[in-house]
Amino acid sequence: MALLEVKNVKKTYITKLGGDKVQALKDVTFCVEKGEYVAIMGESGSGKTTLLNILATLDQATCGEVLLDGESLKNMKQKRLAAFRRDNLGFVFQDFNLLDIFTLEENICLPLVLQGKKLGEMKEQVRSLSYRLGIEDILKKYPYEVSGGQKQRASAARALITNPKIILADEPTGALDSKAAAKLLQLFKKIHEEGQTILMVTHSVQTASHAKRVLFIKDGSVFHQIYKGDGDFDHMYRMVFDTMTLLQTGGEEEQ
Amino acid sequence: MSFSEKWLLPKLAWIGIWKNKETYIPYIGAGIFSVFLYFVFLLISHNDIMYTLPRASYVMVLMLLGSWLLALILVLFLLYTNRFLMKRRAKELGLYSILGLEKKHIAILLFIETGIIYIIVLLGGVLWGVVFSKLIFLFLLNMTRIPLDVSFSFSIKALGSTLLFFAVAYGLNLIVNLFRVMRSRPGSLFQEGKKGEKETKHPILTTIGGILLLGGGYFLSLTSQLDGTIFSDFFLAIFFVILGTHFFFRAGLGYLLKALKKRETFYYKKKNYVTLAGMSYRTKKSASSLSNLCIFSTMVMITLLCTISLAFGMKDILLYRFPYDVEMSFLAEKIEDREGIIKEGERIAEQNKISVTKEIDYVYYKIKAERKGNVFLNLGEDINVWEKEGVYEIQLLTEEEFQRGAGKGAVLEKGEIFTFSDGKSIKESSLILADKNYVVKKEYETFPLIEKREKAVFSQQYFLVVKDREEIERLLQYYGQGEEILHVRMCVTGGEEEKQRFAEQMEGYIAKNEGVINRANGAEQRLEILSMNGGLIFLGIFLGIAFLIFLLIIMYYKQITEGYDDRENFMIMEKVGMTDEDVRGTIKRQVQLVFYLPLFLAFCHTAIALPMILALFGAISLFQEKLVFLCGLGSMGFFFILYVAAYHKTAKVYYKIVKHS
């Protein structure tokens, strides 16, 4: 059984002015197996963020079903959702979403505090994780004192600290320079190799090419997918790039 | 400069206000309320009628003092609200400066913005003032029992003073803001929203200073006595406690939070985690909010306490101060028919269909002497010195005069005296008068001729009863003063109006007598006291409501501004997995800390202030400790309920802001 199953998900918005219906997702179906590293690609407005929000339980699908580890997110009560997110999902956001009131260490600890973990356990987990991610030197600093790359690594640590079933990353390299982005992707590769399932959404070819599988979304449905297989990064990059070009020119033809 | 460039800054200023409505509306509201209060206050005290009204002078003085107090508080209040505003504007101003506005331009921008706010606030406040001032004025007249059939006029002078005062107040705010902008680098201005506040510079010194100041204020109150220094002590104590509270919270809160954060088993708990971090992130702002809440709470409670006590104790004050309806003093030698005066009193009473209930008359000789232990010395050259410690006014009576009413026989021997003090008892078994030892046969605790006023400190009098005229002559020779004075006092039945009529007619009668030294119309004087105390009660209600509204505005203001600050944080935390329940719990904890900490200290302040308040009440002859104590308890209870209600309301507002994404 797949870890994440997305079955015929549709999402329709009603605009505030005029009440027009806008179909953000038409019919999305795909699976993510345990231990996979998947990127979802698409242009702005393709529906990829909507999809991620639904997977993240921050939004509800109009039709269709999302199953995580066989459990449907659909009928879950609002009250349980936050706890479900906390215990099963890890988030990495484009703009880091670290809290200014906390040091990096405290930020990383936050999900554990919310879980009600014991202090010693928390400290131990943070120490070993920060060591793994190479941020043990900046733990006592506040977010405004460190660089974007460091913030994003702290944010990744916060996502990983609960040992989530899946990491959901929304444009994780979006606010980083190329060097910091490369470092973060290196980190993602490492945790993937340690067995972590990752699903990220991006429009950067460079970023997506690091994943083992890339799904392409266009106008609210899955358009194509590419497996990395045994090919190297350059090969993958070319394939992703070609597909994106196809996607874009195809889009123009349609208009 | 082209047209559009010229209007860019005013436009930006206006946009700045409009875009930040959520922050500016309470700021402007607070401003309008301040203008309204100040303007109404001035309208009332500048009113022409106030100068012509009988007995209004007391009220005028009170209003003047009140307006100074109000001005001081308003300036502090406006500075406080301004601080919140600037913190929220910092980011926008930083952005402008990054986009190319020079500091000069930002200064102009702030100037224009302040100007716009000044105009809005004055228009609003003055308008409300015009609408409501007459109502408030009538209320004042009613409180002070000043006749109501007067018209109320609008005063240009009051308007001018209001314009000027708020120009200064907002000018001060502008200067503070400009100073901040000039001092900062654009980048740091931009960052201001993000960065936590700097820690207090000298935490230990500040804490010690705070404790010393608070202790000083408390000490002044606990040791206060009704004497010449009570008023200066009172203001000193207020000053100490206000400053002390600020210091105490500023340093103390930092300490407390640090200590709590260090106790990791406590800190790393769901309900404490966010609250503690959030509060230490903005310790300074939290501390200033907490101390303001504490100070205003104390002010509200003390004002409430005083006003209620005064209202309930009024009747006693009046009776205490003027127990008689008519008091008259004559040169005894000029009066041939002593009984005639009393008879006339009874006749006038009868005419008015009332009767004389109490009548006292006696003859005495007045001297002044300096007391040293049990020795009374001649004042010599210092005869007109009043302020000197130990100088007493003494009434000398013969035993015959003393026993007149009681109809008892003579019991005093030569060399024996009765003593009585209308204030603190003399407590001597013998007195040396005119170099001769007199044995005190008895010190009266209740004297037939005059009431004991144990707690009165001002104008204390001693009464000495000696055997006969011969003794008095001897004493007079030594102390060198004293005329023979006939003193008559009367009380009649009936209401205040009838008493007044009686007193007036009696005055008319005695005015015909040659030897009148002094006459007092008790009914009239009671009215005077009533008018003064009525003014105090009005002031109490006016300021009490003002303080309360300030308090509520501060509470509300703090919650909404922090709500907007925290909104993003809560959104992130919800994404990371904070349940709605956790959010509510965290808010509850935060609001609890913020609201109950200052309330607790405010209760302390109020309780400690009681001795001083009692001493002050002594100055207006309110000596009912039990009443004041009960009123204190009542005020605290009432305030507590109000406070808790406000707390629930603001917590709800905060929750709404935080949850509304």
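**Exercise 1. The contact between the chains**

Two salt bridges are counted between chain A and chain B, a salt bridge being a side-chain nitrogen of Lys or Arg within 4 Å of a carboxyl oxygen of Asp or Glu. The model is predicted, so that local features need pLDDT of at least 70 and side-chain atom pairs count only at pLDDT 80 or more, while totals for chains, interfaces and linings use all residues. Residues are numbered from 1 along each chain as its sequence is written, chains are lettered from A and ligands numbered from 1 in the order in which they are written, and side-chain values use heavy atoms, with hydrogens and water left out.

Solution. 

Step 1. A:Ile101, A:Leu114 and A:Tyr144 supply 24% of the area that chain A buries against chain B, more than any other three residues.

Step 2. Six residue pairs are in polar contact between chain A and chain B, both residues at pLDDT 80 or more. A polar contact is a pair of N or O atoms within 3.5 Å; within protein, one must be able to donate a hydrogen and the other to accept it, and residues adjacent in sequence count only if both atoms are side-chain atoms.

Step 3. Helices (H or I, at least four residues) and strands (E, at least two) are DSSP runs, numbered from the N terminus.

Step 4. A salt bridge joins the side chains of B:Asp582 and A:Arg86 (3.9 Å, N to O). A:Arg86, A:Asp87, B:Lys270 and B:Asp582 are linked in a network of salt bridges.

**Exercise 2. Salt bridges within a chain**

Task: Which parts of chain A does the pair A:Glu36 and A:Arg213 tie together?

Solution. 

Step 1. Over all chains, the structure holds 27 salt bridges. In one of them the side chains of A:Glu36 and A:Arg213 meet at 2.8 Å, N to O.

Step 2. A:Glu36 lies in the loop between β2 (21-32) and β3 (37-41) and A:Arg213 in strand β9 (residues 213-218), so the pair ties together parts of chain A that are 177 residues apart in sequence.

Step 3. A:Glu36 is buried at 15% relative accessible area, and A:Arg213 is buried at 3%. Buried means under 20% relative accessible area, exposed over 50%, and partly exposed in between (1.4 Å probe, protein chains only).

Step 4. A second salt bridge joins the side chains of A:Glu124 and A:Arg127 (2.6 Å, N to O). Both residues lie in helix α4 (residues 119-133) of chain A, three residues apart, about one turn of the helix. A:Glu124 is partly exposed at 40% relative accessibility, whereas A:Arg127 is exposed at 53%.

**Exercise 3. Cysteines**

Task: How many disulfides are there over all chains?

Solution. 

Step 1. A disulfide is a pair of cysteine sulfur atoms within 2.5 Å.

Step 2. By this rule there are zero disulfides over all chains. For B:Cys306, the nearest cysteine sulfur is that of B:Cys631, 9.5 Å away.

Step 3. B:Cys306 is partly exposed at 23% relative accessible area, whereas B:Cys631 is buried at 7% relative accessibility.

**Exercise 4. Positive phi**

Task: Where does A:Thr57 lie, and is A:Thr57 buried or exposed?

Solution. 

Step 1. Most residues other than glycine have a negative phi. A:Thr57, which is not a glycine, has a positive phi of about 65 degrees.

Step 2. A:Thr57 lies in the loop between α1 (48-55) and β4 (63-68) of chain A and is buried at 6% relative accessibility.

Definitions and conventions
Buried area is the accessible area (1.4 Å probe) that two parts lose on being put together, summed over both.
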